[in-house]
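Hello,

Here is the structure I promised to pass on. Please open it first, then read my notes below.

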Amino acid sequence: MQCSLVHSPLTIRNVQTRSQFQNIDEEMRGPKITATIAQKKLNPEATKKAKADKSVAKKEKASKKNPGAPKRPPSAFFVFMEEFRKEYKENFPDNKSVSIVAKEGGVKWKAMSDSEKAPYVEKAAVKKAEYGIVLKQFNDDLNENSKEKSGSTSKSSSDSHDDVEQEASS
């Protein structure tokens with residue numbers, strides 16, 4: 001009877017019945033079941049150190065990315081979305097919400113068959129091949145520049161001093 005009252009919807013009758021049960025001694029109802037969560041005592045210095053370590057790791061990860069590197073090519077879906085955004089903007093010029101356009105594009109993409117997606121997949125493959133070529137050139141140029149820098153720093157200090165004297169005399 002007690003279980004059915006706990007899960008039954010609130011009505012005037014149930015509220016009155018519940019209030020009657022609340023007046024019964026706790027011994028008759030049994031012990032209250034409460035979940036206790038152990039509070040973890042954290043050392044503030046340890047948390048600051050952990051946060052600092054995480055921020056340093058993020059900065060190191062971010063520094064590995066070269067800002068001059070070519071952008072990665074879009075996937076077939078993003079190639080599709082480029083065209084879809086233009087069409088959607090022509091059909092609904094008053095819509096300013098980016099999220100609505102993205103949701104509509106996602107719904108349309110999911111509804112498309114593989115044959116309808118084929119032109120976008122081909123365009124994405126072409127862009128990926130072009131990206132591969134550009135990335136290879138970029139990496140080659142980067143390696144050449146690093147070799148030149150390491151070659152110029154291999155001079156001893158006396159050699160570089162002699163070069164400065166020759167430039168000054170001429």
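Contact here means heavy atoms within 4.5 Å. The model is predicted.

I started with Pro74. By that definition Pro74 touches Val79, Glu82, Ala124 and Lys127, leaving aside residues up to four places away in sequence. Pro74 sits in the loop between helix 4 (44-64) and helix 5 (76-91). Is Pro74 buried, exposed or partly exposed? Its relative accessible area is 24%. Buried needs under 20% and exposed needs over 50%, so Pro74 counts as partly exposed. Pro74 and Ala125 lie 51 residues apart in sequence, and their C-alpha atoms are 9.3 Å apart in space.

Next, helix 6. It covers residues 98-111, which is 14 residues. At 1.5 Å a residue, helix 6 should span 20 Å. The C-alpha atoms at its ends are 20 Å apart, so the two agree. Which residues of helix 6 are buried? They are Val101, Gly105, Gly106 and Trp109. Seen down the axis, these buried residues fall within an arc of 135°, so they line one face of helix 6. Lys103, Val107, Lys110 and Ala111 are exposed on the other side.

Last, how helix 5 meets helix 6. Their axes come within 10 Å and cross at roughly 120°. That angle makes helix 5 oblique to helix 6. The crossing is right-handed. On the helix 5 side, the residues that meet helix 6 include Phe77, Phe80, Phe84 and Tyr88. Among their counterparts in helix 6 are Val101, Gly105, Gly106 and Trp109. Those four are the buried residues of helix 6.

Best wishes

Key. Residues numbered from 1 in each chain as written. Predicted model: local features only at pLDDT ≥ 70, side-chain atom pairs only at ≥ 80, totals over all residues. Heavy atoms only, no water. Helix = DSSP H or I, 4+ residues; strand = E, 2+ residues; numbered from the N terminus. Expected span 1.5 Å × (residues − 1). Buried < 20%, exposed > 50% of the residue type's maximum accessible area, 1.4 Å probe, protein only. Arc of directions from axis to C-beta. Axes fitted to C-alpha atoms, helices over the stretch in contact; angles between N-to-C directions. Parallel < 35°, antiparallel > 145°, perpendicular 65-115°, else oblique. Left-handed = near helix turned anticlockwise from the far one by under 90°.
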